[in-house]
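User: Hi! I'm new to this one, could you walk me through it?
Analyst: Happy to, here it is.

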Amino acid sequence: MALNLDKNLKLYYSISEVAKMFDLNESTLRYWEKEFPYLKPKTKGPSLVRQYGEKDIEQIKLIHNLVKVRGFKLAAAKKIINSNRKGADKTADVLERLNNIRNELKAMKRQLDALQ
């Protein structure tokens, strides 16, 4: 049996963990669940504890990008997602990659500045 060295070993995340990932309030996530019908985390037990899977987190990432990063209203974000789902996904992916590159460049600049 092979050892799974994947760092993403967790299959589900609680609402508080997801809220911390995106720097949001839990109430914002619950509201988004009402506004975006395809955002449906699993619920568990009689207390209906939300369990967000990887697919849910991708949906939140897309909504977060449109609403919090790019400043769209919820109605506009819904319209963008419904009319051009693949384009919205690609835009979010490109933006994430660019942010990662910017962070790497900043780290390199700090290292270079430290050498001088």
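**A first tour**

Analyst: Going along the sequence, the chain runs in the pattern α-α-β-β-α-α-α. Helices (H or I, at least four residues) and strands (E, at least two) are DSSP runs, numbered from the N terminus. The model is predicted: local features need pLDDT of at least 70, side-chain atom pairs count only at pLDDT 80 or more, and totals for chains, interfaces and linings use all residues. Residues are numbered from 1 along each chain as its sequence is written, and side-chain values use heavy atoms, with hydrogens and water left out.

User: How many helices and strands are there in the chain?
Analyst: Five helices and two strands.

User: And what percentage of the residues count as buried?
Analyst: 28% of the 116 residues. Buried means under 20% relative accessible area, exposed over 50%, and partly exposed in between (1.4 Å probe, protein chains only).

User: How do the axes of H1 and H2 cross?
Analyst: The axes of H1 (residues 15-22) and H2 (residues 26-35) come within 9 Å and cross at roughly 100 degrees. That makes H1 roughly perpendicular to H2, a label for angles of 65 to 115 degrees. Axes here are lines fitted to C-alpha atoms, for helices over the stretch in contact, and angles run from 0 to 180 degrees between N-to-C directions.

User: Which residues make that contact?
Analyst: From H1, Ile15, Ser16, Val18 and Ala19; from H2, Glu26, Leu29 and Arg30. Contact means heavy atoms within 4.5 Å.

User: Switching topic: which residues of H4 are buried?
Analyst: In H4 (residues 74-83), they are Leu74, Ala77 and Ile81. These cover an arc of only 60 degrees around the axis, so they sit on the same side of H4. The arc is that of the directions from the helix axis to the C-beta atoms.

User: What about the other side of H4?
Analyst: There, Ala75, Lys79, Asn82 and Ser83 are exposed.

User: Now histidine 64, is that buried or exposed?
Analyst: Histidine 64 counts as buried because its relative accessibility is 17%. It is found in helix H3, where the buried residues also include Asp56, Ile57 and Leu66.

User: What does histidine 64 touch?
Analyst: Leaving out residues up to four places away in sequence, histidine 64 touches Phe22, Leu24, Trp32 and Val69. Its side chain also reaches the backbone oxygen of phenylalanine 22 at 3.4 Å.

User: And just after H3, what phi does glycine 71 take?
Analyst: Glycine 71 takes a positive phi of about 85 degrees.

Definitions and conventions: Parallel < 35°, antiparallel > 145°, perpendicular 65-115°, else oblique. Polar contact = N/O pair within 3.5 Å; in protein donor to acceptor, adjacent residues only side chain to side chain.
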